Amino acid sequence: MSTLLTYLLLPLSWLYAAVMAGRNWLYDTGRRPVGRVWPGPVLSVGNLRVGGTGKTPHVAWLVRELLRHGQRPAILSRGYGRRTQGFRLGNPQETAATFGDEPLQHYQDFAGAVPVAVCENRLTGLNQLFARPEVGAVVLDDAYQHRRVQPHFSVLLTEQQRPFYQDFVLPAGRLRESRNGARRADVVIVTKCDPQLSAADQQEITRRIRHYARPAVPVLFSTYAYGAPVPVPGLAAGVVPGAGAEIVLLTGIAQPGPLRKHLEGAGYRIVHHARFADHHAFQSEEIAALAAQLRPGQVVLTTQKDAVRLLEPALAASVANLPVFYIPIDVCFLADGADRLRALLTPYFPPHAVV
């Protein structure tokens, strides 16, 4: 967005920010009811900005950490992009259309061992999950603005390249509410960082974040660790591509730049990038156009979230013979960030032996 257009839209942003501030005031002062009492801990992961800040891999990191410490976590998401409504508990028959691509990715990641549910009303979803004996804690995915629920611990994510303190409220910028919304965070994680981010840069980012968040809020820094290509189950994967291989890149995520940079740095030759909007529902004709780009020996690389949507039943015939691999992503914290986050989480859980 151009600087001129940004400034022209600022009055509308001020109006939107005022509406959101009024809404937050109603919840903060108790004039609107907030759910606060649950049988187990509720952790929330979210952001101030529209678009991808890395919520899915950070939710997965938290869940794995809880499992490692003997907890019994579940994941609750709104299920953005699904064509269903109400509470749904993940099962092998769910698709991205019925469940949402990100929660379905979580369900597949944990192989059904962790309950994953979707519900647009997080209050209803929490009640349903905590009614199940196998659930002892819930991680809320993308619930920072869902004020009807008061989590025990709130994680706010912001990208290094697009920090909330340099952005404006919609429509002049991409913020869902004003920068002061950061005051609700118990920890702020700066995501998608340069692994070599200097201590001086970290200190400056921390200073700017604390101008809007609580003065002593912990600020941590994370980056992505990309794994080797994994064949998408059920498709004609072929030979795993190595450095120097020619690939067609397929993305339907908010920020494909870091993935593309990683692939190019790893030596892959991207001959074509089919780029779609976040959560895009792929169509058969789009897959046919993608297949037409492939030459002998080339494969398609994509994200795990996109791979979930490629397995929609309506696309089965289109993708059956495509050699498609996804690139797995793990979260890594800079310096002692992982240990600091574990220490922040420990008081919310009874002692258990580490698994």
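## Strand β8 and its partners

Strand β7 (residues 187-191) and strand β8 run parallel and are joined by three bridges; two strands pair if DSSP finds at least two bridges between them. The model is predicted, so local features need pLDDT of at least 70 and side-chain atom pairs count only at pLDDT 80 or more, while totals for chains, interfaces and linings use all residues. Residues are numbered from 1 along each chain as its sequence is written, and side-chain values use heavy atoms, with hydrogens and water left out. Helices (H or I, at least four residues) and strands (E, at least two) are DSSP runs, numbered from the N terminus.

V188 has V219 in β8 as its bridge partner. Together with helix α6 (residues 199-210), β7 and β8 form a right-handed β-α-β unit. Strand β8 is also joined by five bridges to strand β14 (residues 329-333), and these two run antiparallel. Y224 stands opposite V331 in β14.

## The annotated binding site

In an unreviewed UniProt entry, the annotation "binding site" covers R49, V50, G51, G52, T53, G54, K55 and T56; such annotations may be inferred rather than shown by experiment. Of these residues, R49 and T53 are included in the lining of the second largest cavity. On a 1 Å grid over the protein atoms alone, a cavity is a set of points where a 1.4 Å probe fits but cannot get out, and lining residues have an atom within 4 Å of a point.

R49 is located in the loop between β1 (42-47) and α2 (55-68) and is buried, at 13% relative accessible area. Leaving aside neighbours within four places in sequence, R49 is in contact (heavy atoms within 4.5 Å) with E159, R162, D167, R174, L175, R176 and Q255. K55 belongs to helix α2 and is buried, with a relative accessibility of 10%. Not counting residues up to four places away in sequence, K55 touches V45, G46, N47, D141, D142 and L157.

## The largest pocket

The largest pocket holds about 1100 Å³ of space. A pocket is an open set of grid points with protein on both sides within 12 Å along at least five of seven lines; points are joined across faces, edges and corners, and a volume is the space filled by probe spheres set on them.

Of the 50 residues lining the largest pocket, G52, K55, T56, E102 and K305 lie nearest its centre. Elements that each supply at least two residues of this lining include α2, α4 (101-109), β8 and β14.

Notes
Buried < 20%, exposed > 50% of the residue type's maximum accessible area, 1.4 Å probe, protein only. Right-handed = clockwise from strand over helix to strand, strands pointing away.
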